[in-house]
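Welcome! Take a look at the structure below, and then we can go through it together, one question at a time.

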Amino acid sequence: MKKYCLDMTVSQVVHINEKYVLLKLTHKDTLPEMLPGQFVEVRVDGSPTTFLRRPISINNVDRERNELHLLVACIGDGTKRLGMLKEGETVNVVLPLGNGFSMEKGQRLLVGGGVGVAPLLYLGRKLKEEGVEPTFLLGARSAKDLLMIEDFKAVGRVFVTTEDGSEGEKGFVTDHTIWEKETFELVSTCGPGPMMKAVARKAKEKGVKCEVSLENKMACGVGACLCCVEKVKDKGNVCVCTEGPVFDAEQLW
């Protein structure tokens, strides 16, 4: 797909909680096509310690409002600066980057944890447009750490686990009873590495194909800096930013 470097305008900043911010960006021209699972590279201006762009998953594309939505975890200097953006400010973004999730039809379970839930919302929306009702399984440490639950509920069925049992079933996403109660044809997951490996093992036990979206550090997004390299069984070392970030779990682990 063709890549664009756009100066985008902040149309809205939604502070979800003290750590997470939803940035809504727009442009004077119609936004290019973007696929679920792809990401963007955002230039961080005004931070003396941030020299590289920040890779952020595409959370949603609102065609009616011509908006790109990015869910940002404000952790380091760069992302904290992004979280301080105000409506009307300009942000330079390179997009769309990488390869996305498959759009196969059939019973689909979308599993996310932490900020890894971000690309699953757009995936769920696109699947619904194709006539597939997605099922979301979202995990967090506690109820206050769950992100955008109402948005997910507007798209499909939502099941939740929390480590402390404050919302949904207690435990990890791999402990949820839905794995035993229902059958799925494909699992798509994004989140912390250990979580995705556990989900991949669970899917394999059930005889279900699993695709994972890796969150390796990606400084350039175009395969030039080689800092996101991952070993893939059939190809050897590949750049996650160009060959992924979505991979068949069988090719990784």
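Q: How far is the sulfur of C227 from the closest cysteine sulfur, and which residue holds that closest sulfur?
A: This is a predicted model, in which local features need pLDDT of at least 70, side-chain atom pairs count only at pLDDT 80 or more, and totals for chains, interfaces and linings use all residues. Residues are numbered from 1 along each chain as its sequence is written, and side-chain values use heavy atoms, with hydrogens and water left out. A disulfide is a pair of cysteine sulfur atoms within 2.5 Å. The gap at C227 is too far for a bond: 3.4 Å, to the sulfur in C225.

Q: How many disulfides does the rule give?
A: C220 also has its closest cysteine sulfur in C225, and at 3.7 Å that is too far for a bond. By the rule, the number of disulfides is zero.

Q: Is C227 buried, partly exposed or exposed?
A: Buried means under 20% relative accessible area, exposed over 50%, and partly exposed in between, using a 1.4 Å probe and protein chains only. C220, with 23%, is partly exposed. At 41% relative accessibility, C227 counts as partly exposed.

Q: Which strands are the edges of the sheet with mixed pairing?
A: Helices (H or I, at least four residues) and strands (E, at least two) are DSSP runs, numbered from the N terminus. Two strands pair if DSSP finds at least two bridges between them. Seven strands form this open sheet, in the order β11-β10-β9-β8-β12-β13-β16. Pairing on one side only, the edge strands are β11 (169-170) and β16 (246-248).

Q: Which residue in β16 is the bridge partner of S213?
A: Strand β13 (residues 209-213) runs antiparallel to β16, and three bridges join them. The bridge partner of S213 there is V246.

Q: At about what angle does helix α5 run to β12?
A: Contact means heavy atoms within 4.5 Å. Axes are lines fitted to C-alpha atoms, for helices over the stretch in contact, and angles run from 0 to 180 degrees between N-to-C directions. Helix α5 (residues 193-205) lies across β8, β12 and β13. Its angle to β12 is about 170 degrees.

Q: What kind of aromatic pair do F136 and F152 form?
A: Rings of Phe, Tyr and Trp (its six-membered ring) pair if their centres lie within 6.5 Å; planes under 30 degrees apart count as stacked, over 60 as edge-to-face and the rest as tilted. F136 and F152 are 4.8 Å apart centre to centre, with 70 degrees between the planes. F136 lies in strand β9 and F152 in helix α3 (residues 149-153), so the pair ties together parts that are 16 residues apart in sequence. The pair is edge-to-face.

Q: Which residue in β7 stands opposite Y4?
A: Seven strands form an open sheet with antiparallel pairing, in the order β4-β3-β7-β1-β2-β6-β5. In it, strand β1 (residues 4-15) and β7 pair over six bridges. Opposite Y4 stands L95.
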